[in-house]
Every structure is written in structure tokens, then in C-alpha cells.
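Welcome! Have the sequence and the 3D view ready, try each exercise on your own, and then follow the solution step by step.

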Amino acid sequence: PRSGRGGGGGGGGGGDPGTGTPPTLRGPHFILRGHRESVAAVAVSTDLAVALATSPRTGSTLHCLLTGQFLRAVPELRGELCALSPEGTAIAWERRGHVLRVATLNGDVVRAASLADHLPPLATKPIVSSDGRFAVLGTESAAAGDAKPAGVALLEVPELRVAHVWELPGGAGVSSMTLTGD
């Protein structure tokens, strides 16, 4: 698998510093190749210059953002949602089985755990703390009569132990979320 150079570069250009015209992007910078099926989610770490792409059946691929080069495939790290920490912790959530997996950038899956007994299905991509020790997850709404708490969950990584859940009133789910550096 190789990466291809996109048409027109994309490293900026097009702007005129004398007139204040903003630079424009011209096409993709790189086309990342190596996926065996449609990609369900992509996570990017600019700190590590790595992109992680996941799919539910064939796993993940890692690419270098600086060169577009295919780094490795990680078939065991499959899912519909994924995240990367600045420290190189990769996480993928697979809807079938409600399984969360943690891997290193070397491709070693260090832990896999089913969350089916603890939380409703995830609704948002995991957000990994800057030190890679925690992940924040948003869940779907709780089903009627379901005792599992819906809302925002904090998990310890790599153990994948649910440390805390901030339940939302009425079993409401989370549609999107973000964390700041604060």
C-alpha cells in the first residue's frame, strides 16, 4: 500500500501577502491508501503526525501525516469510533459486542473490554486525555427500563474501568462533546 500525492499540492499558496488575500488550499495534500473497506472513523494527532483510520470489520490503519506514508495495519483495532492521544494511545469502539479496545502505535492491542454491562452504546467518539490515562465517552440515550446510566463516562486507560458517569436527566444521551485544555 502506498500513498499518493494529491493534485495541486495543498501546502497553501494562492494568497498574495501584499493584498491581504488569504491563502487557499488546492486539493488534498496526500491520499492515504491501505484500507480494505470503507473507513468509519478517523482520528488525527498533530503532536505525533499520525492519522488513525478504523473500520468495523478489517481494523485500523496508521499513516504518517508528514509524508502520507502507510505505517501499519492493526486488524484487531476495529470499530466505528476512534481516538488518539498525544502520547500515542489509540482507542477504537466496536458497536457489535459494545467493545472498546486500546492499542499502542506499534500495533499492540493492550486491552479489550465489553462495556455492555456498564453503559449504553457510545454516541460520540472517545476523547483521550493528553497523558493517555483517561478517556471521556458520550453515550446514547438509555432504553426504557435500562438501569445502565446514560450520559458522559470517564474511563481509566488502559484498564478500561469506568471511573465515573455523569448521568443526564431522564436518561438523555449525548449528541456531541469536546474538551478544552482547561
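**Exercise 1.** Find which classes of residue line the largest cavity.

Solution. Start with the lining by class: three residues are nonpolar, eight are polar and two are charged. Here Ala, Val, Leu, Ile, Met, Phe, Trp, Tyr, Cys and Pro count as nonpolar, Asp, Glu, Lys and Arg as charged, and the others, Gly among them, as polar. Next, take the volume, which is about 100 Å³ for this largest cavity. Of its 13 lining residues, H35, R36, T58, G59 and T61 are the closest to the centre. Strands β4 (50-55) and β5 (59-64) are the elements that give two or more residues to this lining.

The terms work like this: on a 1 Å grid over the protein atoms alone, a cavity is a set of points where a 1.4 Å probe fits but cannot get out, while a pocket is an open set with protein on both sides within 12 Å along at least five of seven lines; lining residues have an atom within 4 Å of a point. Grid points are joined across faces, edges and corners, and a volume is the space filled by probe spheres set on the points.

A word on the model: it is predicted, so local features need pLDDT of at least 70 and side-chain atom pairs count only at pLDDT 80 or more, whereas totals for chains, interfaces and linings use all residues. Residues are numbered from 1 along each chain as its sequence is written, and side-chain values use heavy atoms, with hydrogens and water left out.

**Exercise 2.** Work out the strand order of the open sheet that has four strands.

Solution. The order is β11-β12-β13-β14, with antiparallel pairing. At the edges are β11 (127-128) and β14 (161-167), each pairing on one side only. Strands are DSSP runs (E, at least two residues), numbered from the N terminus, and two of them pair if DSSP finds at least two bridges between them. Now follow β13 (residues 151-156), which pairs with β14 over six bridges; E156 stands opposite R161 in β14. The loop between β13 and β14 holds P158, and the peptide bond from V157 to P158 is cis, with omega near 10 degrees.

**Exercise 3.** Find what lies between β9 and β10.

Solution. These strands form a hairpin with four residues between them, and G107 in the turn has a positive phi of about 95 degrees. Strands β9 (residues 99-104) and β10 (residues 109-114) pair in the antiparallel sense over five bridges, with V102 opposite R111 in β10.

**Exercise 4.** Which residue forms a salt bridge with R78?

Solution. The partner is E94, with the closest N and O atoms 3.5 Å apart. R78 lies in the loop between β6 (70-74) and β7 and E94 in strand β8 (residues 89-94), so the pair ties together parts 16 residues apart in sequence. A salt bridge is a side-chain nitrogen of Lys or Arg within 4 Å of a carboxyl oxygen of Asp or Glu.
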